[in-house]
Amino acid sequence: MKKIVSPAEGISHRNSFHEHLLATARPIWGAILSHPFLASTADGTISEDVFKTWMVQDYLFVREEIPFLGVLISKAPPHLRPPLADAVVTLNRELELFREQANAAGISFDGISMSPTCHAYIQFLMATAYGRSFEQGFTLLYGVEKAYLDSWVRVKSRQRSRSPWQAFIDNWTSDAFQDYVAWLAETLDALATGKSEADRANMEELFLLAARYEYLFWEMAARGKTWPV
Ligand code: MP5
């Protein structure tokens, strides 16, 4: 049955806060989604070294996302603590996936350390979670997760055959992950409702920074960018 949307509902839906953020970030999002890392993962031409660089750095990123979520939980209103705690459980499972995949690919995580980009991104997440409001930290969480959903959906939609890295592609395109990101968007919209223009501007600025770091993360992996000295 066709849902009858009243004009007011239609307008508020079109103007939802997460949609506004995505519209503002569109040029950066376009650069993320057309990054060669994703195109070459999709068509199978990505070099093993490049993919392994990403795997090591993303393992560290996901590992350090856990304390980021921990700080968010410490500031969250009570009703948002359980779903965020569930997200921590998911991240621990994801770390297990990384360890299995690394093992199968002959990669050791012993002695690994963060590239400048991974380090800066994590420091940015932690500084925001500690120093800013819950709403602002939550905005970053949405940006981080939405970027991965859209990036890996792009890979999946372009791949013609099974990838050696299929487990990662499937992880961030799963129904469960799509539902999680949809929940983040909905929750963000609710959190933004009633916030001042200044608060919303801060949230927008943080979202755009997350998007830029997401682009830099693919760049770092594709170019093997590490500390120059
Ligand atoms: C995510 C990630 C997705 N693993 N790495 C980067 C650089 N950005 C986003 O986060 P999660 O929590 O692993 O789904």
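Four helices, α5 (48-75), α6 (81-104), α8 (134-158) and α11 (197-223), each contribute at least two residues to the shell around the ligand; helices are DSSP runs of H or I with at least four residues, numbered from the N terminus. The model is predicted, so that local features need pLDDT of at least 70 and side-chain atom pairs count only at pLDDT 80 or more, while totals for chains, interfaces and linings use all residues. Residues are numbered from 1 along each chain as its sequence is written, and side-chain values use heavy atoms, with hydrogens and water left out.

Helix α5 gives the largest share of this shell, 4 residues. The shell comprises 13 residues (a heavy atom within 4 Å of the ligand), and Asp58, Glu65, Glu94, Glu145 and Glu214 come nearest. By class, 8 are nonpolar, none polar and 5 charged (Ala, Val, Leu, Ile, Met, Phe, Trp, Tyr, Cys and Pro count as nonpolar, Asp, Glu, Lys and Arg as charged, the others as polar).

An N or O atom in the side chain of Glu65 is 2.8 Å from a ligand oxygen, and one in the side chain of Trp172 is 3.0 Å from a ligand oxygen. A polar side-chain atom of Glu214 lies 2.7 Å from a ligand nitrogen. The protein covers 99% of the 360 Å² of accessible area that the ligand has on its own (Shrake-Rupley method, 1.4 Å probe).

Terms used
Polar contact = N/O pair within 3.5 Å; in protein donor to acceptor, adjacent residues only side chain to side chain.
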